[in-house]
Amino acid sequence: MIATLNSLGRPLLRMGLIPQIALGIVAGLLLATLAPDTAQSAALLGQVFVSALKAVAPVLVFVLVAAAIANHRQGQPTHIRSVLVLYLIGTLVAALVAVAASFAFPTSLALNAPAASGTPPGSVTEILRNLLLNAVANPVEALMEANFIAILAWAVGLGLLLRRAADTTRTALKDLSDAVSGIVQTVIRFAPLGIFGLVANTLAESGLDALLDYGRLLLVIVGCMAFVALVTNPLIVFLKTGRNPYPLVFTCLRGSAITAFFTRSSAANIPVNLELCKRLKLHADTYSISIPLGATINMCGAAITITVITLAAANTLGIQVDFVTALLLCIVSALAACGVSGVAGGSLLLIPMAASLFGISADVAMQVVAIGFVISVVQDSTETALNSSTDVLFTAAACRADGNTDEA
């Protein structure tokens, strides 16, 4: 019996991680369709996988960033500034795409949903203030609460000071980084089982019936995200590198977007992205910082969600939106999206702030947020997939602009 199981399982183990994940998705779909009750029981696999990723991510980021900076050799190139510029450009372009799509395909909402719970931020200034306060948070609390801004700040400071430490100290820190990376690789190997549980449970619980009432809104949002992923992001990468961007684009979508789609958390996908950057042979000094930073500030998908749903609310209420106001909305959406934490549904609570530009009351805006939660099964998953895969894409583009790395 054991020999039979080994003979059946050996071909599966020899397959690459992406084909295994694809099999997990198909198996989850079949289980949710044929046995919904059993599919809900499989949710434990997904919960354990996501919890493991979230647990290891803060420690990994802290140790990896500190070790990379402490062991950085003078004269070795880094591309953090280029990556940050690409993050900003990508988010602004995504917001512009969302405005154009909203004007081309105006959408109306049935505003009879109950108000969603949660306290939205009052302004972009408040968001930036919160980011600054998060950066100086207690490091122990930051690790416990997965506050990646503070984790980055403390790791950078510690790494800079440890550059003058003894060689043995820096070697020990690198060994610790390698050990934590090994734990991450072990967790990622269980991704097919985790995604199988997530797919089965999501479809068994939510189904797709609730999405049909808001199909047009969802199509505009997902269409914008697909356009950004397959058109504007590749164009930005081409302008940066001067090379055909699509091999790299599809590598990032396969290696990052699939897991991000089902975990619905940029923070949980940090270990996956770091492992992908390692396979792409990018500069460790760059991706060890740009990937966790991107999980917090690179939110082109969030900018699309905020813009499309806000303009849909304005259209429903008969509010005329001129070009200047739409351009202001793009800037506000891009800045606000930078303050979205890497957790599921983070962008939706920023909609009331954007809606205030058009004089939409908080009560109405929170009804719009409630509609956002209805479609979040697909919207938030697609948003996270775009956000997370773009982190790797722009990091790779910045690293490859000077031709110092291998092709994907």
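Helices here are DSSP runs of H or I with at least four residues, and they are numbered from the N terminus.

Before that, a word on the source. This is a predicted model, in which local features need pLDDT of at least 70 and side-chain atom pairs count only at pLDDT 80 or more, whereas totals for chains, interfaces and linings use all residues. Residues are numbered from 1 along each chain as its sequence is written, and side-chain values use heavy atoms, with hydrogens and water left out.

As to confidence, pLDDT is the predictor's own score for each residue, from 0 to 100. The mean for the protein chain is 80, and 82% of its residues reach 70 or more. Where pLDDT is low, the predicted coordinates should not be read in detail.

Now to the surface. The nonpolar patch consists of L88, L92, L96, F323, V324, L327, I331 and L335, which together have about 730 Å² of accessible area. Such a patch takes residues with over 30% relative accessible area and no salt bridge, and joins nonpolar side chains (Val, Leu, Ile, Met, Phe, Trp, Tyr) within 5 Å. A salt bridge would be a side-chain nitrogen of Lys or Arg within 4 Å of a carboxyl oxygen of Asp or Glu. The areas come from the Shrake-Rupley method with a 1.4 Å probe. Helix α17 gives the most to the patch, with five residues.

C330 counts as buried because its relative accessibility is 2%; buried means under 20%, exposed over 50%, and partly exposed in between. L96, in helix α5, is partly exposed at 44%. The C-alpha atoms of C330 and A98 are 8.5 Å apart, although 232 residues separate them in sequence.

Let us turn to the interior. Helix α14 (residues 270-279) is largely enclosed by the rest of the structure, because eight of its 10 residues are buried. Among the elements that cover these buried residues are α4 (43-70), α13 (246-263) and α20 (376-400). T259, in helix α13, is buried at 5% relative accessible area. Beyond its sequence neighbours within four places, T259 is in contact with I21, I195, N269 and V272, and V272 is itself one of the buried residues of α14. After α14 comes K281, whose phi is positive, near 60°.

H79 lies in the loop between α4 and α5 and is buried at 9%. Its C-alpha atom is 5.9 Å from that of T286, 207 residues away along the chain.

Finally, how many aromatic pairs does the structure hold? There are three, rings of Phe, Tyr and Trp (its six-membered ring) being paired if their centres lie within 6.5 Å; planes under 30 degrees apart count as stacked, over 60 as edge-to-face and the rest as tilted. Y87 and F394 form a tilted pair, 6.5 Å centre to centre with 40° between the planes. This pair links helix α5 to helix α20, across 307 residues, and both members are buried. The pair of F261 and F262 is edge-to-face, because the planes stand at 75°, with the centres 5.0 Å apart. F261 is partly exposed, at 28%.

Technical notes
Patches are made of residues with over 30% relative accessible area and no salt bridge: like charges are joined within 9 Å, nonpolar side chains (Val, Leu, Ile, Met, Phe, Trp, Tyr) within 5 Å. Helices (H or I, at least four residues) and strands (E, at least two) are DSSP runs, numbered from the N terminus. Buried means under 20% relative accessible area, exposed over 50%, partly exposed in between (1.4 Å probe, protein chains only). Contact means heavy atoms within 4.5 Å.
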